[in-house]
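Hi everyone, thanks for coming. Let me put the structure up on the screen, and then we can walk through a few places together.

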Amino acid sequence: MAALPTSIPLVRAFARAKLSAWGLDADHGWDCQQVLSELVTNAFDVTGELLPDDLVALDELAVILIQLRISAKHLIVEVRDSGAGRPQIPDTGLNDEGGRGLRLATMLAGAWGWYPVTTPKQGKVVWASWALDRKAAS
């Protein structure tokens, strides 16, 4: 996805369609969409761009890569961005507008983590996973 604010609702729609196709929308749909939306918002915050004033070539836009996959035992979402920093849960208050994404991932996903990537460009992947209670169709 292009790292633009307009991409965030498209990510939720993509997740909703994919989870429905896999028959996982009832079990993990809402949680997965919320976590994925937060992870993409975090990725946008470190790599994104406001809508450009002038038209630009697509290859000039920053990109966030999103992957949803299932295995026999897990649903996994991954979000790759070009940010170099280590994702951390910030010390935020209840009324703060930002800083809730990873806290939400901690509450809604079975697990989450991250790993650095170096090729083809430096960045990181932040992931979240849920244990599957039943065999999922691919």
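Let's start at Ser-37: is this residue buried or exposed? Ser-37 has a relative accessible area of 8%, and because the cut-off for buried is under 20%, Ser-37 counts as buried. Please keep in mind that we are looking at a predicted model.

So where does Ser-37 sit? You will find Ser-37 in helix 2, which covers residues 25-47. And which residues does Ser-37 touch, if we leave out those up to four places away in sequence? They are Ile-8 and Arg-12. With Arg-12 there is also a polar contact between the two side chains, at 2.8 Å.

Now let's look along the rest of the helix.

One last stop, the second largest pocket. How much space lies in it? The answer is about 250 Å³. Eleven residues line this pocket, and Val-63, Leu-65, Arg-80, Ser-82 and Lys-121 are the closest to its centre. Sorted by class, the lining has five nonpolar, four charged and two polar residues.

That's my tour, so over to you!

Definitions and conventions:
Residues are numbered from 1 along each chain as its sequence is written. This is a predicted model: local features need pLDDT of at least 70, side-chain atom pairs count only at pLDDT 80 or more; totals for chains, interfaces and linings use all residues. Side-chain values use heavy atoms; hydrogens and water are left out. Helices (H or I, at least four residues) and strands (E, at least two) are DSSP runs, numbered from the N terminus. Buried means under 20% relative accessible area, exposed over 50%, partly exposed in between (1.4 Å probe, protein chains only). A polar contact is a pair of N or O atoms within 3.5 Å; within protein, one must be able to donate a hydrogen and the other to accept it, and residues adjacent in sequence count only if both atoms are side-chain atoms. Contact means heavy atoms within 4.5 Å. On a 1 Å grid over the protein atoms alone, a cavity is a set of points where a 1.4 Å probe fits but cannot get out, and a pocket is an open set with protein on both sides within 12 Å along at least five of seven lines; lining residues have an atom within 4 Å of a point. Grid points are joined across faces, edges and corners, and a volume is the space filled by probe spheres set on the points. Ala, Val, Leu, Ile, Met, Phe, Trp, Tyr, Cys and Pro count as nonpolar, Asp, Glu, Lys and Arg as charged, and the others, Gly among them, as polar.
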